Structures are given as structure tokens and as C-alpha cells.
Amino acid sequence: MNNLHLRGSTWHLKRRVPKRYAEVESRAVIWESLSTDSRSVALGKAERVWAGYISGWEAMLAGHSEDAQVRFRAARDLADMRGFAFLSAATVAERPLQEVLARVEAMRAPDGWPDPVIASGVLGGANEPTLRLSDLVEHAETLSVQDNRFKSAEQMRLWRNPRVRAVRNLIAALGGDRPVVEIGPVEARQHRRWWQSRIADEGQSSQTANKDFHYISGMLARFYEDIDHADPPRPYMGVSIRDRHAKVQRKDEVPVAYITDRWFAPGAFDGLNDEARDILLIALETGCRQSEIHDLPASAFQLDADVPHLCVRNEAAHDPDARREIKNRHSERDVPLVGVALAAAQRHPAGFPRYRNKRSYSAIVNKYLKTHDLVPEGVTVGGLRHTWESRLKAAGLHTDDRGELMGHSVKALRGREHYGDEMDLERRQALAASIAFTVPDHLA
């Protein structure tokens with residue numbers, strides 16, 4: 001490393017200051033003692049020392065930003081780099097005199113003169129960000145770009161809407177918009193009381209209220225994480241509404257007899273478009289969620305493979321309409337196609353464009369099934385996934401195997417770590433085929 005120089009018996013770092021930092025660093029060249037006579041030790045220390053300089057200069061640059069949040073975050077960084085917790089100016093003034101003097105001394109730049117940007121960090125001169133509740137969702141969306149990178153435009157709409165609704169409800173509960181930093185436990189409890197009144201007066205669901213609290217809490221956590229708050233407020237901790245009278249909601253299974261006697265009857269789906277019918281048939285023999293089928297791109301249909309299957313994956317793309325995010329990481333799997341599912345997929349080798357990235361499928365199919373007496377009262381197409389697992393269970397499959405086939409967390413099912421290889425595609429095919437229905441001629 002050409003930046004290491006030996007002076008006497010001590011190694012030093014010598015590096016030229018990049019032009020980018022000229023406005024915050026008066027020196028053209030940095031000389032820094034590495035306090036060691038070992039070249040190998042000096043090599044390791046030099047990288048850390050230089051990284052520290054870069055971090056400090058970046059924080060200094062950020063301190064000149066016109067963005068209040070950027071300046072606030074920079075102030076926290078600068079205080080931390082000098083060994084101090086960031087405190088407001090009023091709090092600093094109440095600290096012991098020795099600490100205040102140490103903070104004053106620490107605000108000096110390398111040239112010995114006080115630096116106002118450093119002072120904003122060690123003396124608490126930076127103001128808290130003034131983001132308002134009405135801008136919180138947009139801000140949270142910006143901070144969540146990495147997490148949401150696989151979401152399609154439709155999935156982003158479904159991500160955004162409940163958060164917009166939660167903020168709108170909070171503003172209504174508080175009687176108006178206000179800065180995010182003013183949302184504390186008192187405001188959170190006021191939000192809860194507002195919801196309790198709606199539940200009592202309008203019959204609203206406690207589950208809906210708790211979702212509101214969850215979304216607000218998550219966005220606040222993102223906000224404070226972004227500004228590197230040392231002790232972020234958690235105003236919604238413990239805030240929820242429990243309703244001991246609420247009914248447990250679950251999707252009832254589609255009875256197997258309805259499938260074999262009614263669905264497989266000739267003409268049963270004559271009034272349903274072929275894409276909707278075949279999505280239904282694939283769900284019937286795979287246990288897939290409906291969206292896991294109709295949102296798949298053409299590349300996910302591996303029909304010419306030794307084991308024909310669907311690839312359920314996150315899909316990345318520059319075009320938001322070509323992206324796709326699956327429910328969770330456990331849902332990523334290869335799904336073998338057997339029986340009526342294979343026949344249905346072969347009729348649509350490029351997938352289902354009519355329903356891709358749309359949310360109209362369930363309503364259309366459920367209306368058809370109900371109108372044509374193809375399901376019992378209260379049963380929906382979503383119950384097919386439960387039917388499939390019950391068929392696997394009746395065939396004697398172990399909980400772990402059922403979990404892997406359905407895209408569940410085996411670790412959660414076991415209550416401990418999951419070791420060993422994942423189930424291969426041939427094994428998945430054999431298990432799915434073991435419970436497959438005989439394919440009616442008219443659906444082959």
C-alpha cells in the first residue's frame with residue numbers, strides 16, 4: 001500500500017483528500033499516525049482510519065444540505081464520531097459543566113477553528129425533522145424501495161392504500177395534521193379511543209383498527225431509523241384493541257364431493273372464461289394461492305421439463321407491471337403439475353394475462369361458483385388451498401412434507417430449526433400425484 005510511510009519506527013497514513021471534500025476539509029493531504037511499528041497491523045488500521053475520515057466528511061457535507069432530515073442525521077453522525085450522544089441544545093445545557101466544555105472543545109475543525117456544522121451535532125443545534133403526518137406514507141415508500149423492489153404496480157397499490165387509510169384515520173382522530181415527531185403515547189391512545197368509538201357505534205372490526213396501529217407503528221419506526229435516532233419513541237407499543245366477542249375468521253374447505261360430483265361434471269364451467277376455469281383447476285391440484293398462479297410470468301411455466309412445474313419466485317424487472325412479489329420467502333418453491341393442473345397449464349403455456357397483476361379473479365370466480373351452486377353456502381375459492389392440505393393429511397403425509405409443498409415455514413411448524421435438504425422436485429411430484437384426481441375426459 002503506497003499510502004503507508006515509516007517515520008522513525010512508527011507507520012503513518014498519508015493520503016490526498018479527494019476534491020469532493022474540499023469544502024469541508026481545509027487540508028490537501030492527510031497525515032495520520034497509526035501508532036504501530038508493524039506494517040501488517042498498519043495495513044489493517046489504515047483502511048479503518050481512512051473509512052473514518054470518509055464517513056466524517058460525508059457527514060459534514062450532509063450537514064450543509066438544505067434537507068432538514070439529512071442535516072439532522074448528519075448532526076447525529078458527527079456527535080457519535082466525536083464520542084457523544086446527540087442531545088437537544090436544551091438538554092446539553094443541563095449536562096455537567098465538564099461534559100459541556102468537552103463538547104465545546106470537540107466542535108473544533110482540524111484547523112482549530114469552531115465549525116458550525118460540527119457544533120450542530122455536539123451542541124445539539126440541529127432541529128428535529130418537520131415531516132408531517134400527511135407526508136408520512138410517501139416518505140415511508142421512499143425508505144422502503146429496497147423491501148418493495150419486487151412488487152408490481154398493483155402490489156404497490158395494495159401496499160400503499162392501507163397506510164394512506166391509517167394515516168387519514170389518525171389525522172381524523174387527532175383533529176388535524178401535525179408533525180410526525182409530535183406523535184407520542186398520548187396521541188396513540190387517542191387514536192385507540194377513536195377506534196373504540198367507531199367499533200361501538202358503527203360495528204367496525206377490531207382487526208381493522210389493529211391493522212391501522214400496525215401500519216402507523218411501522219412507518220414511525222422507519223422514520224426514526226432513517227434519522228438514526230439513538231432511542232426511537234415507540235408510541236404504539238402495547239396499543240391494540242382486543243375483542244373477546246370477535247369471531248375467528250377462517251376459510252372453509254371446498255368439499256371433495258363438490259369437486260368430483262359438480263366441478264368435474266360436463267358443462268359445469270361452460271359459463272366461465274377458460275383462463276378463470278384453468279386457474280381454478282391448477283389451484284385444485286397444487287394448493288397454490290390464486291395470485292401465485294394468475295400473476296406468474298410466462299417464464300414460470302416449465303412445461304417441457306422432466307417434471308412439468310411452476311416456478312413460484314420473486315420477479316425483478318424495470319417495468320413495474322412485470323415485477324412480482326410472493327407472500328414470503330417460504331413461499332418460494334417449485335410446484336409440480338399433475339392431473340387436471342397439468343392439462344390446464346398446457347392450455348396456457350404463457351400464463352394468464354387476463355388476470356395477471358389484477359385483483360378481479362376472486363370476485364368473478366366466487367360469483368360464478370355461488371350462482372351455479374358449485375360450493376356450499378359461505379365457502380369461497382380460497383378454501384381450495386385448505387382442501388388440498390386436508391387431502392395430503394388424509395393420505396398420511398407428515399406435517400413437514402405438507403408444509404414444504406404448500407410453501408409454509410417448516411421451522412415454524414416444528415418449533416425449532418429446520419435442518420437438511422429441501423424436498424426435490426421429483427419427490428414433490430410423487431406426493432402430489434399420490435392424491436391427484438382422475439382427469440375427466442372433457443378437462444384433459
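Buried means under 20% relative accessible area, exposed means over 50%, and partly exposed lies in between, with a 1.4 Å probe and protein chains only. This is a predicted model, in which local features need pLDDT of at least 70 and side-chain atom pairs count only at pLDDT 80 or more, while totals for chains, interfaces and linings use all residues. Residues are numbered from 1 along each chain as its sequence is written, and side-chain values use heavy atoms, with hydrogens and water left out.

**Figure 1. Overview of the protein.**
The protein has 18 helices and six strands. These are DSSP runs numbered from the N terminus, with helices being H or I of at least four residues and strands being E of at least two. Of its 444 residues, 43% count as buried. A contact means heavy atoms within 4.5 Å. Among the contacts in the protein with a separation of 6 or more, 66% come from residues 24 or more positions apart.

**Figure 2. The open sheet of β1, β2 and β3.**
Three strands form an open sheet in the order β1-β2-β3, and the pairing is antiparallel. β1 (4-7) and β3 (29-33) are the edge strands, each pairing on one side only. From one strand to the next, the twist averages 30°. For such angles, axes are lines fitted to C-alpha atoms, for helices over the stretch in contact, and the angles run from 0 to 180 degrees between N-to-C directions. Two strands pair if DSSP finds at least two bridges between them. Four bridges link β1 to strand β2 (residues 10-16) in the antiparallel sense. Leu 4 has Leu 13 in β2 as its bridge partner.

Side chains of opposite charge can pair when their charged atoms come close. A salt bridge is a side-chain nitrogen of Lys or Arg within 4 Å of a carboxyl oxygen of Asp or Glu. The whole structure contains 20 salt bridges. One of them joins Arg 289 to Glu 292, with the closest N and O atoms 2.7 Å apart. Arg 289 and Glu 292 are both buried. Arg 277 and Asp 278 also form a salt bridge, at 3.0 Å from N to O. Arg 277 has 19% relative accessibility and so counts as buried. Asp 278 is buried too, with a relative accessible area of 0%. Salt bridges with shared partners join Arg 95, Glu 99 and Arg 103 into one network. Within it, the closest N and O atoms of Arg 95 and Glu 99 are 3.1 Å apart. Arg 95 is partly exposed, with a relative accessible area of 39%.

Rings of Phe, Tyr and Trp (its six-membered ring) pair if their centres lie within 6.5 Å; planes under 30 degrees apart count as stacked, over 60 as edge-to-face and the rest as tilted. The count by this rule is eight aromatic pairs. Trp 194 and Trp 195 have ring centres 5.5 Å apart and planes at 85°, so their pair is edge-to-face. Trp 194 is partly exposed at 23% relative accessibility, whereas Trp 195 is buried at 1%. Phe 223 and Tyr 224 also form an edge-to-face pair, 4.9 Å from centre to centre and with 75° between the planes. Phe 223 is buried at 0% relative accessibility, and Tyr 224 is buried with a relative accessible area of 4%. Trp 263, Phe 269 and Tyr 368 make up one aromatic cluster.

A disulfide is a pair of cysteine sulfur atoms within 2.5 Å. The structure holds zero disulfides. Cys 288 is buried, with a relative accessible area of 4%. Cys 311 is also buried, with a relative accessible area of 16%.

**Figure 3. Asn 357 in a loop.**
Asn 357 sits in the loop between α13 (339-346) and α14 (361-371). Its relative accessibility is 12%, so Asn 357 counts as buried. Leaving aside residues up to four places away in sequence, Asn 357 touches Ser 152, Glu 154, Asp 295, Asp 321 and Arg 323.

Helix α16 (residues 399-406) is largely enclosed by the rest of the structure, because seven of its eight residues are buried. The buried residues include Asp 400, Arg 402, Leu 405 and Met 406.
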